[in-house]
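Colleague: I'd like a close look at one part of this model, the charged and aromatic side-chain contacts. Here is what I have open.

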Amino acid sequence: MDGRLIISYVEQAVFFILGLVALGLELWAFVDCARHRPNAFEATGKRTKTFWLALTGGSALVGVISLFGSGGGLFSTLGLFGLAAVVAASVYLADVRPAVKDAGRGGSRNMGPYGPW
């Protein structure tokens, strides 16, 4: 086999694995957003549940398109929309999810900067 052909297969496998990881992240954000109550979003001041469902659902759709699409251009895993989808899901998981999850338990009345006190 030609060395360039092996490198091409390895490159395709790496991009496919990156696409799977990105899609998993986006689906996790969407499913987690769907399971929280709408008033928890409003109580924390993190926009509305509808906004976050649309954003995480759109990112999951872009993830599916980038994974099973034609493989290049704007919708590839590392293309413009693919990266924006990963960023949107990551913002939800890093910022919105902890606040909404905490609001579902009754807020953080007895929480210090390093945990409960």
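Which residue forms a salt bridge with Asp-95, and how far apart are the closest N and O atoms?

Modeller: A word on the basis: this is a predicted model, so local features need pLDDT of at least 70 and side-chain atom pairs count only at pLDDT 80 or more, while totals for chains, interfaces and linings use all residues. Residues are numbered from 1 along each chain as its sequence is written, and side-chain values use heavy atoms, with hydrogens and water left out.

Your partner is Lys-46, with the closest N and O atoms 3.1 Å apart. (A salt bridge here is a side-chain nitrogen of Lys or Arg within 4 Å of a carboxyl oxygen of Asp or Glu.) Lys-46 sits in the loop between helix H2 (38-44) and helix H3 (49-68), and Asp-95 in helix H4, so the pair ties together parts 49 residues apart in sequence. (Helices are DSSP runs of H or I, at least four residues, numbered from the N terminus.) Asp-95 is partly exposed at 39% relative accessibility. (Buried is under 20% relative accessible area, exposed over 50%, partly exposed in between, with a 1.4 Å probe and protein chains only.)

Put together, Asp-32, Arg-35 and Arg-97 make a network of salt bridges. Asp-32 is buried at 3%, Arg-97 is partly exposed at 22% and Arg-35 is exposed at 57%.

Now the rings. Phe-51, Trp-52 and Tyr-92 form one aromatic cluster. (Rings of Phe, Tyr and Trp, its six-membered ring, pair if their centres lie within 6.5 Å; planes under 30 degrees apart are stacked, over 60 edge-to-face and the rest tilted.) The count is two aromatic pairs. Phe-51 and Trp-52 have centres 5.2 Å apart and planes at 85°, so they are edge-to-face. Trp-52 and Tyr-92 have centres 5.9 Å apart and planes at 50°, so that pair is tilted. With Trp-52 in helix H3 and Tyr-92 in helix H4, the latter pair ties together parts 40 residues apart in sequence. Both Trp-52 and Tyr-92 are buried, whereas Phe-51 is partly exposed at 31%.

Terms used:
Helix = DSSP H or I, 4+ residues; strand = E, 2+ residues; numbered from the N terminus.
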